[in-house]
2 protein chains.
Amino acid sequence: MTELLPSWRNGATRSAIVSFLDRVHEIPPSERVAVFDNDGTMWCEKPQYTQLEFMLAELASAVGADDSLGAKPEFRALLDRDQEALAEMGLERVIFALVDLHTGLTPEAFDDRVTGFFENARHPDRGVAYRAQRYQPMLELMDELRARGFDFYIVTGGGSEFVRVIAEEFYGVKPEGVVGSQVAYEIDRLDDGSLRLVRTGDVVTGGVNEGATKPTNIQRILGRRPVVAGGNSAGDAEMLQYAQSYEGPSLALLVDHDDAEREYAYESKAGTFETDESILETADRLGWVVASIKNDWSTVFADS
Amino acid sequence: MTELLPSWRNGATRSAIVSFLDRVHEIPPSERVAVFDNDGTMWCEKPQYTQLEFMLAELASAVGADDSLGAKPEFRALLDRDQEALAEMGLERVIFALVDLHTGLTPEAFDDRVTGFFENARHPDRGVAYRAQRYQPMLELMDELRARGFDFYIVTGGGSEFVRVIAEEFYGVKPEGVVGSQVAYEIDRLDDGSLRLVRTGDVVTGGVNEGATKPTNIQRILGRRPVVAGGNSAGDAEMLQYAQSYEGPSLALLVDHDDAEREYAYESKAGTFETDESILETADRLGWVVASIKNDWSTVFADS
């Protein structure tokens, strides 16, 4: 007999998850919907978001081809690693400037660049491929949910198109099962009469897919109501509370990054629900299940 | 041996479809994506859109509960069947007024109303349930595409939530496989601390999902590139041309409503690509496959 969740150590967290799995039969099959954040929940997000690694590589390549780009304040600050200037601008402004680097690309051309990035890139600290940055315990939980009839979706603050490139290989999730931040497209007609799509620089429908935008995008794009949600930061709080508000058995799971030796130790600085409350305080107050990487996971990374 | 596409009569249209099916092996499995319009393509849209039937029933019920609603110009015109006033306002304004009837409802409450509608409603002319308004030849084509590894999606001008209620039963399409016009949601916190979503009256992301909005929503929401597309009106033209622009074998299929005896005879009045060209002229110019209901279909309706 195969052991259930082998990378989860015995304790209150594992027990709470197993208790939930034992109650899945109480949930009608059509309502078995699980939504999981990606960065920091399904894979490692430190020392910085993988998508930011990709965008910085794209920036280096763009500046190599046209050095006047380096004069743009957001790019100047990035190239100089000027943390003060970056903090002043805010992550969103910097990211939107980077997104604009891909304006005019077709979806296929963008996919090719992301595919190329994942083929060659290695994690800056661990030196492994990004596939090996996935969390083994979360993959085991994903498999157990699927084995019980759950549909499993990725709901990320990252760009939909970026995550879709690896979602099927990394998580068995089809492109339409990824809900992320969305860029706009416009139609471009070629001389031969054919039609293609090209990216505009705009990030649409609620901006970055974080906070209250997550539940509303889940409804608009997936049309499903989650009863299981996993996250790790204030950006996931509304999604976790939404799953927890389901009338039957539910699971709201928060990953706590408290293992400086095997991963990283840090806490999301943003306050939950736009208050000063930390995400761990919120988890405690609302009774979410908290997974301590240090205490609850016997193995952290997949394929390692 | 089962006959292929039994409700399609022999002729140039059936031959073109069969030729395409014979070439599917040239398309990489991950690129086998089919998108079909719903109203007038997968089911009958006359004497009026099914969703408009639903909304008029909702209006009657709302006015029964609060007759002051009847004073609203859009509703007055609908209740009086004042075609002149309706034409002057335009369908979009009238529909947006109807959409606003459901502001404040949760997704679950809206689903319940749609479910109730489909349980009881009968087609005004044929007296049958809406399930029997589906086109048998299109269901056969859908099955043949799936048998060859295609993912099949519904891309409709109707509301995503309305069509999702019947999409799995009618077409085997999960909620996330339906791309329609989208209403916005906001978060509502209840006194017990739980969180729910409620509809705002806004129709978001490009407005009604027609014309150039269809390809862009296909990319943003599904993240797939279609190689087969089916439609019947100017609202589907960009989507058909997008499928046709695929570099390998593709199929752009237009349903022509020319059978006044068995269905209805009418032509989409809107010009294609915002010109004066009719959709049949566009089909002829671009070489789309045209399915004449009168000549190409031996059976029109499913379950009939």
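Start with strands 1 and 2 of chain A: select residues 33-36 for strand 1, and you will see four bridges joining strand 1 to strand 2, the two running parallel. Helices (H or I, at least four residues) and strands (E, at least two) are DSSP runs, numbered from the N terminus, and two strands pair if DSSP finds at least two bridges between them.

Before going on, a word on what you have open. This is a predicted model, in which local features need pLDDT of at least 70 and side-chain atom pairs count only at pLDDT 80 or more, while totals for chains, interfaces and linings use all residues. Residues are numbered from 1 along each chain as its sequence is written, and chains are lettered from A and ligands numbered from 1 in the order in which they are written.

**Stop 1: along strand 2.** Now select Phe36(A); its bridge partner in strand 2 of chain A is Ile154(A). Strand 2 and strand 3 of chain A run parallel and are joined by three bridges. Is strand 2 of chain A mostly covered or mostly uncovered? Select residues 151-159: eight of the nine residues of this strand are buried, that is, each has 20 or more other C-beta atoms within 10 Å of its own, with C-beta atoms placed from the backbone.

Stop 2: Next, show Tyr185(A) with Arg199(A), its bridge partner in strand 4 of chain A. Seven bridges join strand 3 to strand 4 of chain A, and this pair runs antiparallel. Colour the strands of chain A and you can follow an open sheet of seven, in the order 4-3-2-1-5-6-7, with mixed pairing. Strand 4 and strand 7 (289-292) of chain A are its edge strands, each pairing on one side only. On average, neighbouring strands of this sheet are turned by 30° against each other, direction ignored; the angles are taken between lines fitted to C-alpha atoms.

**Stop 3: the whole chain.** Zoom out to chain A, with its twelve helices and seven strands. Its C-alpha trace spans about 60 × 45 × 40 Å along the principal axes. Buried residues make up 43% of the 304 residues in chain A. A compact globule with 304 residues would have a radius of gyration near 19 Å, and the 20 Å of chain A agrees with that; the radius is taken over C-alpha atoms, and the rule is 2.2 Å times the number of residues to the power 0.38.

**Stop 4: where the chains meet.** Turn on chain B. How many residues of chain A are in contact with chain B? There are 31, touching 31 residues of chain B, where contact means C-beta atoms, placed from the backbone, within 7 Å. Select helix 8 (160-171), strand 3 (178-189), strand 4 (195-204), helix 9 (213-222) and helix 10 (237-244) of chain A, the elements that give two or more residues to this side. Helix 9 of chain A gives the largest share, six residues.

**Stop 5: superpose the copies.** Chain A can be laid on chain B with an RMSD of 0.0 Å by a turn of 180° and a shift of 0.0 Å along the axis. The two copies are therefore related as by a two-fold rotation axis. The copies meet through the same surface, because 100% of the interface residues of chain A are also interface residues in chain B. The superposition is by least squares on the C-alpha atoms of residues with pLDDT of at least 70 in both.

How values were computed:
Contact = placed C-beta atoms within 7 Å. Buried ≥ 20, exposed ≤ 12 C-beta atoms within 10 Å, placed from the backbone. Axes fitted to C-alpha atoms, helices over the stretch in contact; angles between N-to-C directions.
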